[in-house]
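Subject: Structure handed over, with notes

Dear colleague,

Please find the structure below, followed by some notes on what was found in it.

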Amino acid sequence: MTLMTLHSIGRMLHELFAQMPAIQRWSLATIGSSAIVFMLLERIIPYSQGQRFLREGLFDDFALYTIAQNYVLGIVIFSIVIARLDAASGFSRLQLLARWPLWLQVTFFVVTHDFYIYWMHRWQHRNRYLWRLHEAHHSPTSVDWLSGSRSHCLEILVNQTVEFAPIVLLGASPEVIPLKGAISAVWGMYIHANLNIQSGWLQLVINGPEMHRWHHAMGKGMRSNFSTKLAIWDWMFDTAFFPSNQQATCYGVRTAFPKHYLAQALYAFRPLQWRDRSRTLSTANLTRPPDRVSPAKP
């Protein structure tokens with residue numbers, strides 16, 4: 001790559017950021033700096049020792065899922081789906097939440113969307129069709145700060161439409177979107193990060209990597225721990241699994257899974273066999289509620 005090309009890319013990025021509102025620049029800066037912090041902490045206090053930074057699928061997870069897919073879906077979700085919903089309904093003109101303080105608006109959408117994601121996530125693990133879209137998220141055999149970005153485009157399309165459409169339709173402040181986006185992105189990196197963190201009693205309320213890693217481990221954990229930000233949903237609805245003095249291992253799915261983005265996206269539409277119910281973790285083994293285990297004392 002020539003110096004002229006690098007200069008052109010740098011100039012394009014500078015112009016892109018210069019045109020952004022300050023809150024959007026702050027949101028992206030928070031996400032980027034958090035990613036760097038998690039990468040460094042994974043080298044210092046790793047949960048799984050010896051886990052490689054340059055792991056299999058790192059390029060696809062960063063360049064294709066995190067950058068390309070999120071960019072394209074952002075245009076589709078905001079410029080097409082939500083714009084047409086708003087044009088048809090006119091709800092945003094009512095400004096139903098416009099008088100709420102900004103902190104209350106952000107809190108409201110964080111909690112309500114987290115509650116939706118908990119139940120949607122449970123359903124994805126119990127429904128053989130929805131599991132096909134969620135399967136990609138569980139396919140990484142190394143769970144780290146970036147692996148959580150691996151999610152099928154249709155799954156993201158549905159969940160992020162549900163996440164951001166109410167913000168627009170209820171007339172919330174425009175600042176809510178970048179703030180909510182930053183919280184979701186940073187928290188998603190955090191709970192998947194390869195960090196040996198002991199949250200203690202906070203894990204009863206706030207989800208962390210030590211509990212979520214069990215959800216990505218093959219076995220009982222995968223049919224439990226569906227919460228994203230607030231672990232309270234798992235404890236409240238009896239889907240928590242957090243054994244003391246044990247460590248989650250063996251991540252991924254039991255069936256063979258493609259290694260690259262396009263094949264992974266198309267793999268969700270492979271012919272469905274009735275025997276899939278007995279061979280995957282998406283259905284039969286996930287319908288029975290898990291044994292509830294209390295967290296280790298801090």
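Of the 298 residues in the protein chain, 45% are buried (under 20% relative accessible area with a 1.4 Å probe, protein chains only). Please bear in mind that this is a predicted model, in which local features need pLDDT of at least 70 and side-chain atom pairs count only at pLDDT 80 or more, while totals for chains, interfaces and linings use all residues. Residues are numbered from 1 along each chain as its sequence is written, and side-chain values use heavy atoms, with hydrogens and water left out.

The accessible surface of the protein chain is about 15800 Å², and 67% of that belongs to carbon and sulfur atoms (Shrake-Rupley method, 1.4 Å probe). The secondary structure consists of 11 helices and zero strands, taken as DSSP runs (H or I of at least four residues for helices, E of at least two for strands) and numbered from the N terminus. Where contacts (heavy atoms within 4.5 Å) join residues at least 6 apart in sequence, 74% of them link residues at least 24 apart.

Helix 6 contributes Glu-163, Phe-164, Ile-167 and Val-168 to the contact, and helix 7 contributes Val-176, Ile-177, Lys-180, Gly-181 and Ser-184.

Best regards

Definitions and conventions. Buried < 20%, exposed > 50% of the residue type's maximum accessible area, 1.4 Å probe, protein only.
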